[in-house]
Amino acid sequence: MNTHLYPHNTVVAAATAITSVDAVLGYMQPTEARPYNYAYEPPAGIAWENYAHDNREVRILDARHATAQSSIHHEGFELLDASSELRDFYDRDTIIRRYYPEVAALACSATGAKQAFVFDHLVRKREADRSKLGFGRSNKGIPATANGRVHNDYSEESGRKRLALVLGVKTAELNRNRYSIVNVWRSINGPVLDTPLAVCNARSIDVADLVCAEVRYPQRVGEIYLLRHSPRHCWSYFSQMNNHEALIFKQYDSQVSGVARFTPHAAFDHPYTPPDAPLRESIEARCLVIYE
Ligand code: OGA
Ligand code: FE
């Protein structure tokens with residue numbers, strides 16, 4: 001299909017009938033050194049990152065055509081039909097005051113948890129001239145761009161430590177219940193035609209595929225997983241996600257077996273993006289949920 005021959009609307013219509021696409025995802029090649037990424041401009045003489053990329057073409061299924069719906073505790077991701085009261089996602093205080101409670105309610109109903117604490121969010125606006133396979137870091141006051149590196153936002157260790165960071169050390173010590181960390185991702189600029197987000201079925205990953213990596217922030221160092229490529233990985237996305245939909249995906253679960261624990265994800269360059277498609281804008285909120 002040659003997308004350039006079609007006017008905008010025709011391409012959109014044709015693309016919805018397509019059940020999968022082949023696109024490049026940004027895997028990594030593990031090396032001896034512990035991998036790191038800077039989330040801000042590194043000190044003079046230090047590189048932004050220290051590992052080799054392994055960009056692979058993979059098949060990404062359009063989960064809208066899947067025969068069975070995926071779920072947060074099995075495949076690790078779930079699409080929710082849940083519109084937001086918010087119209088303006090560019091005011092931080094409003095997001096915290098009005099959007100966080102919506103996310104907390106969604107996270108509880110999707111996971112079955114009793115309590116939810118939204119602790120962070122990120123608004124992204126894809127930048128036209130920045131590589132889609134980049135790490136998606138923000139640049140001095142400019143929103144973050146899309147993140148094309150396959151990653152999971154927490155590792156076994158940073159997921160475990162997050163409880164005390166969110167609840168405070170004393171409360172965390174008292175809590176012996178199962179908890180999870182989930183992301184809630186939503187378009188804030190209409191149907192996503194440009195640089196959608198792909199998610200990897202949590203059941204298709206092996207612990208050996210997960211590589212601990214540092215994310216260096218000005219005040220602290222976080223730990224995430226980057227991914228080593230495996231042909232077993234099963235990738236999906238939801239075509240043309242719109243503002244009234246939210247994708248929830250699991251980033252950590254304190255329960256170590258029988259449930260999805262890590263759901264790697266990455267933005268990708270969709271082969272049928274119309275040339276005049278608006279650049280993707282999205283918000284992702286991170287939420288810790290407790291089950292009892
Ligand atoms: C996320 C994430 C990347 C993107 O939501 O955790 O990594 O490009 N998103 O939206
Ligand atoms: Fe992420």
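Student: Which strands do the buried residues of H2 pack against?

Tutor: This is a predicted model. In it, the buried residues of H2 pack against strand S4 (77-81), strand S5 (115-125), strand S7 (179-187), strand S12 (245-253) and strand S14 (281-290).

Student: Which residues of H2 are called buried?

Tutor: Buried means under 20% relative accessible area. Among those in H2 that are buried are Thr94, Ile95, Tyr99, Tyr100, Glu102 and Val103. Further along, Ala104, Leu106, Ala107, Cys108, Ala110 and Thr111 are buried too.

Student: Where is the kink in helix H2?

Tutor: The kink lies at Tyr99, shortly before the proline Pro101. The bend is the angle between axes fitted to the seven residues ending there and the seven starting there. At Tyr99 that angle is about 40°. Tyr99 is also one of the buried residues of H2.

Student: What comes just after H2?

Tutor: Gly112 does, and Gly112 takes a positive phi of about 85°.

Student: Why is S7 called largely enclosed?

Tutor: Count its buried residues. 9 of the 9 residues of S7 are buried, so S7 is largely enclosed by the rest of the structure.

Student: Which residues of S7 point each way?

Tutor: Tyr179, Ile181, Asn183, Trp185 and Ser187 point one way. Ser180, Val182, Val184 and Arg186 point the other way. All of them are buried.

Student: What makes S14 mostly covered?

Tutor: 10 of its 10 residues are buried. On one side sit Glu281, Ile283, Ala285, Cys287 and Val289. On the other sit Ser282, Glu284, Arg286, Leu288 and Ile290. Both faces of S14 are covered.

Student: How many bridges join S7 to S14?

Tutor: 9 bridges join them, and the strands run antiparallel. Pairing needs at least two bridges, so S7 and S14 count as a pair. Val182 stands opposite Cys287 in S14. Asn183 has Arg286 as its bridge partner there.

Student: What is the partner of Asn183 in S12?

Tutor: In S12, Asn183 is bridged to Phe249. S7 and S12 pair over 6 bridges, in the antiparallel sense.

Student: How many bridges join S5 to S14?

Tutor: 10 bridges join S5 to S14, and the two run antiparallel. Take one position: Gln115 stands opposite Ile290 in S14.

Note on methods. Residues are numbered from 1 along each chain as its sequence is written. Chains are lettered from A and ligands numbered from 1 in the order in which they are written. This is a predicted model: local features need pLDDT of at least 70, side-chain atom pairs count only at pLDDT 80 or more; totals for chains, interfaces and linings use all residues. Side-chain values use heavy atoms; hydrogens and water are left out. Helices (H or I, at least four residues) and strands (E, at least two) are DSSP runs, numbered from the N terminus. Buried means under 20% relative accessible area, exposed over 50%, partly exposed in between (1.4 Å probe, protein chains only). Contact means heavy atoms within 4.5 Å.
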